[in-house]
Amino acid sequence: MFYWLFLCLLSQVKCINRCLDNIEIVEISSTEAQLSWTYSCEKQNIEKYKIHFTHIRFLACPDERKDSSRPSGIGTEEVEDTRVIIHNLHAYSEYEFEVVAVPTNSEKPEILKIVGKTEEGVPEVKALRTSSDDSGYYSSKAIFYWNMSLVSQCELYNSDLGGWVYKVEGLDEWNKEFTEEGMLSISQTKLEVVNLSPFSQYMLQLYTANQAGLFDENVVLKIPGTTGQSSPAAPTHLQALQHTPGSVILSWRSVFPPTGEVSSYAIRWKEEESTTWMDLKDIPKSETFCQDDPEKKKNDACYVLNNLTESKTYSFQVQCYNSGISQGSPWSGVTRQVIQDLSEDGAHTSYVFIVLGCLPIIVILVIILFVKYRKKPSKVSKQQNSVLYNSQDPELLTPIFKNSNTCTFPRQSTPASGSPRMFTTLPTHRPRSRCDPLPPVPSQENHIYEAVKNKENDYLAPNPLRVESLESLDDEGYLRPNFLPAAATSQK
């Protein structure tokens with residue numbers, strides 16, 4: 001009887017021998033875990049492995065807060081190998097991993113469990129804005145305030161918070177090159193930045209870092225800050241130009257970068273020989289607007305100062321005041337100007353303006369007269385050289401020579417009646433020359449030729465109003481001596 005009991009115990013011990021063993025976490029990061037295990041029995045008896053993971057708690061939270069939702073709180077993976085990688089885990093959290101060997105038969109599956117902790121990640125929380133604000137209180141420093149992120153957001157810490165990483169940058173044109181960076185203790189909730197430009201804007205970018213100093217650049221709290229105004233610097237580029245008898249236009253430039261919002265200016269002046277300033281005048285900024293004068297376009301303030309004595313030399317200085325600051329700037333450099341009597345100069349200037357205003361009209365009249373002068377001699381010459389056409393007029397039978405004073409020709413035969421050009425004995429054995437005769441000068445109404453002026457010589461050209469005039473030129477462009485117009489042929 002004891003023997004059978006012994007065999008039964010041995011049989012049960014054999015039945016509880018484990019094939020699934022040696023489970024371990026090979027590698028773990030802030031969001032992934034790699035597990036491995038062994039299976040010592042026949043592998044064909046295993047259909048697959050199921051790996052279940054369960055989030056136990058957030059290590060950064062003081063309570064037992066956990067995530068029970070998919071995909072990062074709970075989940076299952078199925079593999080056929082003895083290795084698996086679990087993804088999408090919470091950083092800085094505790095997980096339980098369970099491996100289940102699913103057999104091919106109806107036997108009860110074996111199960112192994114292991115607990116592991118994910119590594120720290122970068123915080124996904126940022127500091128909170130506070131109502132405290134010292135912006136504009138100091139001209140050379142800025143103080144930024146903030147509060148710790150809420151404990152209720154501890155599941156987003158992803159680590160034990162290590163500190164604040166900050167970066168301060170200038171936002172204005174004159175301070176955009178300014179940058180200051182550093183890291184602060186996690187318990188610190190105030191930052192004071194010194195040696196800043198007055199009347200300027202700055203921006204604090206605050207990041208939450210873990211123990212290793214790592215942070216997410218996309219999770220940032222931005223806090224703007226400004227510096228207050230200070231006493232201004234002395235104006236520069238002071239100029240004085242006489243405006244009218246007894247007055248000058250003063251113009252000057254404010255110093256860049258600005259140290260505040262200018263509210264007013266002060267002007268003082270004296271005669272050059274004097275050792276004391278005669279007068280002082282306060283001027284609101286609204287009265288110093290500059291017109292679009294090219295000589296003063298670089299200056300941003302202008303003012304007309306009146307009641308000055310003519311024929312005297314004055315010295316001028318300007319002072320600047322910022323809004324809310326009682327202390328004004330130092331006085332600018334001295335500029336001098338002689339106050340002249342502009343009565344005669346003004347009259348001469350008026351005459352000049354009158355002449356300049358009439359100049360376009362004068363030019364137009366000159367052009368019109370010039371054109372008429374050019375046209376008139378041509379018309380007169382044309383009329384003088386044109387005669388009424390009459391084929392029986394003896395004068396018209398006399399040839400016209402170009403520069404005939406220096407050329408002689410043999411006497412030619414008498415032309416037949418009715419022909420306007422009857423010279424049949426012109427030499428044809430040589431090329432035309434400047435001494436060849438021309439036809440009689442005709443009238444401009446009914447003849448195929450018209451008289452024109454060609455530089456120094458009178459010359460006859462075809463009349464474009466008559467069609468037959470195109471037939472009157474020979475190959476060299478001269479008028480043909482024996483050409484008979486249609487009118488003459490019909491009379492004959």
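This is a predicted model: local features need pLDDT of at least 70, side-chain atom pairs count only at pLDDT 80 or more; totals for chains, interfaces and linings use all residues.
Residues are numbered from 1 along each chain as its sequence is written, and side-chain values use heavy atoms, with hydrogens and water left out.

**Entry on backbone angles**

I looked up phi for Asn158 and read a value near 60°, which is positive in a residue other than glycine. Is Asn158 buried or exposed? Asn158 is buried, because its relative accessible area is 9%, and buried here means under 20% relative accessible area, exposed means over 50%, and partly exposed lies in between (1.4 Å probe, protein chains only).

I then turned to Tyr92, which is not a glycine either, yet has a positive phi of about 50°. Tyr92 sits in the loop between β5 (83-86) and β6 (93-103), and I counted Tyr92 as buried because its relative accessibility is 16%.

**Entry on cis peptide bonds**

I looked at the bond between Arg70 and Pro71 and noted that the peptide is cis, with omega about 5°. Pro71 belongs to the loop between β3 and β4. I also wrote down a cis peptide bond from Phe256 to Pro257, where omega is near 5°, and I placed Pro257 in the loop between β16 (247-253) and β17 (262-271).

**Entry on disulfides**

A disulfide is a covalent bond between the sulfur atoms of two cysteines. For this search, the cysteine sulfur atoms of a pair have to be within 2.5 Å. How many disulfides does a search of the whole structure find? The search finds three.

I took Cys19 and Cys41 to begin with, whose sulfur atoms are 1.4 Å apart in their disulfide. This pair links distant parts of the chain, 22 residues apart, with Cys19 in the loop between α1 (2-15) and β1 (20-28) and Cys41 in the loop between β2 (33-39) and β3 (46-58). The angle about the S-S bond of Cys19 and Cys41 is -70°, and the link is left-handed. I read Cys19 as buried, at a relative accessible area of 10%, whereas Cys41 counts as partly exposed at 28%.

I went on to Cys61 and Cys154, which a disulfide joins with an S to S distance of 1.9 Å. Here too distant parts of the chain are linked, 93 residues apart: Cys61 is in the loop between β3 and β4 (74-79), and Cys154 is in the loop between β9 and β10 (161-170). The torsion about the S-S bond of Cys61 and Cys154 is about 105°, so I noted this disulfide as right-handed. Cys61 is buried, with 5% relative accessible area, and Cys154 is buried, with 1%.

I then looked up Cys290 and Cys302, whose disulfide has an S to S distance of 1.9 Å. Because Cys290 lies in the loop between β18 (279-284) and β19 (301-305) and Cys302 lies in strand β19, this pair ties together parts that are 12 residues apart in sequence. The link of Cys290 and Cys302 has 95° about its S-S bond and is right-handed. I read Cys290 as buried at 11% relative accessible area, and Cys302 as buried at 7%.

I checked the accessibility of two further cysteines: Cys320 counts as buried at 4%, while Cys358 is partly exposed at 37%.

**Entry on a sheet**

In which order do the strands of the open sheet run? I found three strands in the order β8-β9-β12, with antiparallel pairing, where two strands pair if DSSP finds at least two bridges between them. The edge strands, β8 (128-129) and β12 (190-193), each pair on one side only. Strand β9 (residues 142-147) pairs with β12 in the antiparallel sense over four bridges, and I looked up Tyr145, whose bridge partner in β12 is Lys190.

**Entry on Gln337**

Gln337 is buried because its relative accessible area is 18%. Leaving aside neighbours within four places in sequence, I listed the residues in contact with Gln337 as Ala240, Leu241, Gln242, Val248, Lys312, Thr313, Tyr314 and Phe316, where contact means heavy atoms within 4.5 Å.

Definitions and conventions:
Helices (H or I, at least four residues) and strands (E, at least two) are DSSP runs, numbered from the N terminus.
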